Amino acid sequence: MIEVAQPVAWITNDAAVLGLLAGILGFVFWGASREQGFWKKFYAVIPAILPCYLLPAIANSIGLIDGASSGLYPMARDYLLPASLVLFCVAMDIGAIIRLGPKALVMFLTGTVGVMLGAWVAFAAMGVIHPETVAGETWRGMTTIAGSWIGGGANQAAMKEVFEVPSTMFGQFAAVDVIVAYIWMATLLFMASKADAMDRWLKADTRAIEDLKQRMASYHSEHARIPSTTDLMMIFAIGIGVTGLSHFLAEPLVAWIKSLPAAWRLQDYSLDSRFFWLVIFATTFGVALSLTRARKLEGAGASKIGTVMLYILIATIGMQMDLAQLADKPLLLLLGLIWISVHAGLMLLVAKLIRAPLFFMAVGSQANIGGAASAPVVATAFHPALAPVGVLLSVMGYALGTYGAYVTGLVLRTMAT
């Protein structure tokens, strides 16, 4: 029998591939930063995160690179993902979040519950409307959206590993994530333009919002600074150092769990997954560090460096996608729309019941659905000084994302069996 040789990618050297990915990310963010012209119009419609996924996917699909044989994704998954989680969580200002008042926290947590509940309702509804869409392993892909919509991209990638989501399925749900999330953000921005009318309908007391504007503007101006070399080295030390510590602790813990009788632990993955504990340790240590002086490193850009690491991970995920298979399940978009509708309905209901200002509802929702990349955009639609509120709440989402998405996944797995 004559064996047919598999096509070889044009670029096989990982150093060269990493350079290509860096060029793609630089090109995307350069375009997204333009203040006029074609790129400003383009990125007013297309979120920057989508080309970061799709351009590497196109490179993989046309044979320019071979994501499956590259070692870049395992590197980004095991080192950059945990480090980004640490740097996002270390920025958390728990005191400032508490001072936002109970209604802000209630609306944020309602958003988290809405994402979890929406996943279960959407899965059940599609089981009636079009069972083929949620048949088989579809529930695994839904966990990545849960991670993204409760926390962010890092939590999304974590769920990909914990629940062993195939790259093609991940690509399908990444597309659903982006499309549905930005439809909802556009809706929130429209509602922000009608804030006065919405607040009257909600019967909300908005006097605290003015105090909040002034407090957050002062906080932001007080902590922002030009980072020194020492600042950058400390950020690097915390992000990579805690990642190393998490690896060090995860391995013996997993070995011990695997030594237990099967009846004492969850089957298949979860508690005996090294990556699960790696993410849990990184998140927990990051939250703990936010209670120390390490939190001040956010003023020097800790979360921005975490974002750079995250986008490298996003690009390496994109280079594994098979775009030809993204259209296999078009009704996944309907699943996403049902999911976000449950979240939106619960947010509006609770806001009406507790008379929360529209600002708390909108930013609390977007801090879940969009994360740190877009929650400040929605907050700024109310007032530029309120952008840090979106950051604070979305950083809290990074801490909850891993836990909430994991519980969502366990329930979805039970529903699928």
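For contacts I use heavy atoms within 4.5 Å. This is a predicted model, where local features need pLDDT of at least 70, side-chain atom pairs count only at pLDDT 80 or more, and totals for chains, interfaces and linings use all residues. Residues are numbered from 1 along each chain as its sequence is written, and side-chain values use heavy atoms, with hydrogens and water left out.

**Entry: Val90.** I found Val90 in helix 4 (residues 72-90); helices here are DSSP runs of H or I, at least four residues, numbered from the N terminus. What does Val90 touch, not counting residues up to four places away in sequence? I get Gly286, Leu289, Ser290, Ala294, Arg295 and Ala302. Val90 counts as buried because its relative accessibility is 2%; my cut-offs are under 20% relative accessible area for buried, over 50% for exposed, and partly exposed in between (1.4 Å probe, protein chains only). I also checked Thr283: it sits 193 residues from Val90 in sequence, yet the C-alpha atoms are 9.0 Å apart.

**Entry: Gly404.** This one is in helix 18 (residues 387-416). Gly404 has 9% relative accessibility, so I log it as buried. Leaving aside neighbours within four places in sequence, I see Gly404 in contact with Met116 and Ile150. Ala146 is 258 residues away from Gly404 in sequence and 7.7 Å away in space, C-alpha to C-alpha.

**Entry: the core.** Which residues touch the most other members of the largest nonpolar core? Trp149 and Trp339 do, out of 122 residues. By core I mean buried Ala, Val, Leu, Ile, Met, Phe, Trp, Tyr and Cys residues joined through side-chain atoms within 4.5 Å. Beyond four places in sequence, the contacts of Trp149 include Trp339, Asp177, Asn368 and Ile369.

**Entry: helix 16.** Asn368 and Ile369 are among the buried residues of helix 16, where twelve of twelve residues are buried. I tested the length of helix 16 (residues 358-369): at 1.5 Å a residue its twelve residues should span 16 Å, and the end C-alpha atoms are 16 Å apart, so the two agree. The expected span is 1.5 Å times one less than the number of residues. Just after helix 16, I noted Gly371 with a positive phi of about 75 degrees.

Definitions and conventions: Helix = DSSP H or I, 4+ residues; strand = E, 2+ residues; numbered from the N terminus.
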